[in-house]
Amino acid sequence: MRAPTGQTGRCRPHVVDTQELHVDGVGPGTLIAGRYELRRPLSTRESGTRWVGHDTTFDRDVTLLLVPRDDAARAADVLDAARRCAVVDNPRLVRIYDIGQDERWAWVVEEDSSGARTLADVLSEGPLPAEEVRRITGEVAAGLDAGTGRGLHHRRLTPACVLLSPQGAVKVSGLGTDAALAGADDGDDGERRDAVGVVALAYAGLTGAWPLSGDTAGLPRAMTLAGDLARPSEVVGGVPGDLDALCRLTLSEDAGPVSPGDYAAQIAPWSPIPVQRTSSRLSTAAAPATGGSTAPEAAPGTTAAGRLSPGPSDQDQPPPPASMNSIVSGKKSGDAIVGTRTHKTK
């Protein structure tokens with residue numbers, strides 16, 4: 001088995017000093033397109049800058065992504081990705097309101113996300129309950145699957161791209177646009193790379209560590225045992241067998257789900273109700289250095305404390321993804337996933 005590969009430069013925001021951005025006449029108070037007032041810098045991602053802003057026409061707060069026009073090819077790619085993403089109607093994706101450009105900037109206007117926390121922020125406080133990981137990654141996968149139908153892939157997925165509202169709603173930011181900002185070629189492996197990204201989110205949610213190489217998304221790197229990536233169950237207790245197996249197959253054996261929709265189908269159902277942390281969830285499993293976890297596993301559908309998670313109704317679950325014809329006829333045997341096709345990452 002080899003160490004998992006990742007994608008560098010992905011969706012990793014950092015706080016921007018207002019003074020650094022008060023150049024060329026652009027700063028707090030600047031009007032973009034005569035209506036979008038910049039309020040404060042939110043983050044930088046690759047060659048673009050995100051701002052908290054205000055739409056003076058509709059009197060609502062928004063988020064603006066500004067990309068310099070001096071990199072004409074990159075700016076055009078970002079606008080094209082945003083244009084395609086804007087027509088994807090899914091509540092799990094950050095909504096795009098407007099796009100445009102002038103002689104200096106290309107801009108993308110998104111719904112306000114300043115009140116949300118990123119999954120990276122949440123995980124900086126420690127791992128999450130397994131069923132909360134199932135819920136969050138299931139929602140992320142369902143949102144990405146909606147974009148797949150339009151030929152859109154994220155390809156830069158990290159916990160910094162997942163936004164959690166105070167009520168627990170899950171949204172994905174940067175679909176298409178983050179890859180365009182990074183200058184990434186959206187090749188044929190987009191679905192598989194997004195599937196690997198979602199599984200990496202699950203690993204991070206279960207353990208609090210990032211399993212892919214490259215950008216760690218602000219999290220500590222995942223531990224290895226005897227040269228191999230440690231399974232989640234070798235790091236913490238209470239990991240359901242299906243999530244543990246998916247992490248092992250996908251991140252260590254180049255197998256696992258072939259698309260985000262495949263992942264969503266394999267981990268369903270999940271509860272629409274957020275599951276809070278419990279102290280027992282954060283206990284570290286005793287794992288021998290040679291592998292072979294001795295940690296107890298919680299059955300799917302329960303929290304680490306053994307409580308049944310609230311069961312979702314049928315309408316709470318995503319419809320079968322369009323990519324389901326390509327899903328392997330793998331099935332669960334007890335808690336283990338068997339019969340999953342192997343796919344090599346590029």
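The expected span of a helix is 1.5 Å times one less than its number of residues. Helices (H or I, at least four residues) and strands (E, at least two) are DSSP runs, numbered from the N terminus. Helix α6, residues 190–207, has 18 residues and reaches 26 Å from its first C-alpha to its last, close to the 26 Å expected at 1.5 Å a residue.

The model described here is predicted: local features need pLDDT of at least 70, side-chain atom pairs count only at pLDDT 80 or more, and totals for chains, interfaces and linings use all residues. Residues are numbered from 1 along each chain as its sequence is written, and side-chain values use heavy atoms, with hydrogens and water left out.

The protein chain contains 8 helices and 13 strands. Of its 346 residues, 54% count as buried, where buried means under 20% relative accessible area, exposed over 50%, and partly exposed in between (1.4 Å probe, protein chains only). Contact means heavy atoms within 4.5 Å; among contacts in the protein chain between residues at least 6 apart in sequence, 69% join residues at least 24 apart.

Helix α6 is largely enclosed by the rest of the structure, because 17 of its 18 residues are buried. Just after α6, G208 takes a positive phi of about 80°. The loop between α6 and β10 (224–225) holds L219, which is buried, with a relative accessible area of 6%. The C-alpha atoms of L219 and A209 are separated by 5.5 Å, although these residues are 10 apart along the chain. When neighbours within four places in sequence are left aside, L219 is in contact with A120, L123, S124, P159, A204, G208, A209 and W210.

Helix α7, residues 241–252, has 12 residues and reaches 16 Å from its first C-alpha to its last, close to the 16 Å expected at 1.5 Å a residue. This helix is mostly covered, with 11 of its 12 residues buried; among them are L243, L246, C247, L249 and L251. D254, whose phi is positive, near 55°, follows α7.

Attention now turns to a pair of helices. Two packed helices are described by the angle between their axes and the distance between the axes. Axes are lines fitted to C-alpha atoms, for helices over the stretch in contact, and angles run from 0 to 180 degrees between N-to-C directions. The axes of α4 (residues 130–148) and α8 (residues 260–267) come within 8 Å and cross at roughly 145°. The crossing of α4 past α8 is left-handed, a term used if the near helix is turned anticlockwise from the far one by less than a right angle (right-handed if clockwise). On the α4 side, R134, T137, G138, A141, L144 and D145 take part, meeting P260, G261, Y263, A264 and I267 in α8. The residues of this contact divide into 6 nonpolar, 3 polar and 2 charged. Here Ala, Val, Leu, Ile, Met, Phe, Trp, Tyr, Cys and Pro count as nonpolar, Asp, Glu, Lys and Arg as charged, and the others, Gly among them, as polar.

P129 lies in the loop between α3 (119–123) and α4. This proline is buried, with a relative accessible area of 2%. P129 and P274 are 145 residues apart in sequence and 9.7 Å apart in space, C-alpha to C-alpha.

The strands come next. Strands of a sheet pair through backbone hydrogen bonds, either parallel or antiparallel; two strands are taken to pair if DSSP finds at least two bridges between them. An open sheet of 3 strands has the order β7-β8-β9, with antiparallel pairing. Strands β7 (117–118) and β9 (170–172) stand at the edges, each with a single partner strand, so one side of each is left without a neighbour in the sheet. Strand β8 (residues 162–164) is joined to β9 by 3 bridges, and L163 stands opposite K171 in β9. Helix α4 packs on this sheet, touching β8 and β9, and its direction makes about 40° with that of β9.

Two hairpins may be followed as well. Strands β3 (residues 48–55) and β4 (residues 60–68) run antiparallel and are joined by 7 bridges, with W51 opposite L64 in β4. In this hairpin 4 residues lie between the strands, and D59 in the turn has a positive phi of about 50°. G48, R50, V52 and H54 point one way from β3, T49, W51, G53 and D55 point the other way, and all are buried. Strands β5 (residues 96–101) and β6 (residues 105–111) are likewise antiparallel, joined by 5 bridges, and their hairpin has 3 residues between the strands. The bridge partner of G100 is W107 in β6.
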